[in-house]
Amino acid sequence: KNIVLECEARCHSSLVSANVKAVIYQSEYAMSLGDVKGQVIYPSVNEAIAPRKQNKEKGDPFKILAVGYGDALKGFDAVYEVVRKLSLKGHNVELRIAGSVGHNFSTYPEIDIVCYEKHTLQQYINLDKNKSFKFEISPANRKDLFSDLYPEADVYLHLARMDTFGFSILEAMVNGLPVVTMDFKAIPEMIRYSEN
């Protein structure tokens, strides 16, 4: 049998047998993590796009969306702090996180226990005594993301500490959302400042 091996992140030679005829990565960054060279084929999003909700009234909150699983990995603590500071400066903002808290240390060892203990979303929520903005966190399925969450948001905020591709960035872009993110890991392979 001929095998094509797709690697989201690290691919080490121990995974590759004589039957593996090709190794495919989701990004140049992902390929740089392992010791096996291959080919980059960027993923795409093939979803029905709901129309953007454009009928904002004066006084409506500015809706900020973050998506992902694992609060330290996806930087939800930093996202919360950014939105809290905007609120303290008088901006009418809401934050919706479609995701979860916790961390899988075996899958993502880049986030170690010390980092996780310093950067949990719950710590930032606990420090925010005034709760000056509307905040919601809950898992969301793909149908909810594409039918409601992306179309209702005004901006997508992505402050992940680790991303080998970042599907949610691509999904937000497909839905016409402005994306605010950081210039590291695989993100510059998708986002070019002031171009897209």
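Begin by selecting helix α2 (residues 76-88), which lies across β4, β5 (93-100), β6 and β7 and runs at about 170° to β5; helices (H or I, at least four residues) and strands (E, at least two) are DSSP runs numbered from the N terminus, and angles run from 0 to 180 degrees between the N-to-C directions of axes fitted to C-alpha atoms, for helices over the stretch in contact. This is a predicted model, in which local features need pLDDT of at least 70 and side-chain atom pairs count only at pLDDT 80 or more, while totals for chains, interfaces and linings use all residues. Residues are numbered from 1 along each chain as its sequence is written, and side-chain values use heavy atoms, with hydrogens and water left out.

Next, select the open sheet of five strands, whose order is β6-β5-β4-β7-β8 with parallel pairing (two strands pair if DSSP finds at least two bridges between them). Because β6 (134-138) and β8 (179-180) stand at the edges with a single partner strand each, one side of each is left without a neighbour in the sheet. Strand β4 (residues 62-69) is joined by two bridges to the parallel strand β7 (residues 155-157), and Leu65 stands opposite Tyr156 in β7.

Then move to the loop between β7 and α6 (167-174), where Asp163 is found. Asp163 counts as buried because its relative accessibility is 6% (buried means under 20% relative accessible area, exposed over 50%, partly exposed in between, with a 1.4 Å probe and protein chains only). Display its side chain: polar contacts join it to the side chains of Lys74, at 3.3 Å, and His158, at 2.4 Å (a polar contact is a pair of N or O atoms within 3.5 Å; within protein, one must be able to donate a hydrogen and the other to accept it, and residues adjacent in sequence count only if both atoms are side-chain atoms). Finally, leaving aside neighbours within four places in sequence, Asp163 is in contact with Tyr29, Lys74, His158, Lys185 and Ala186, where contact means heavy atoms within 4.5 Å.
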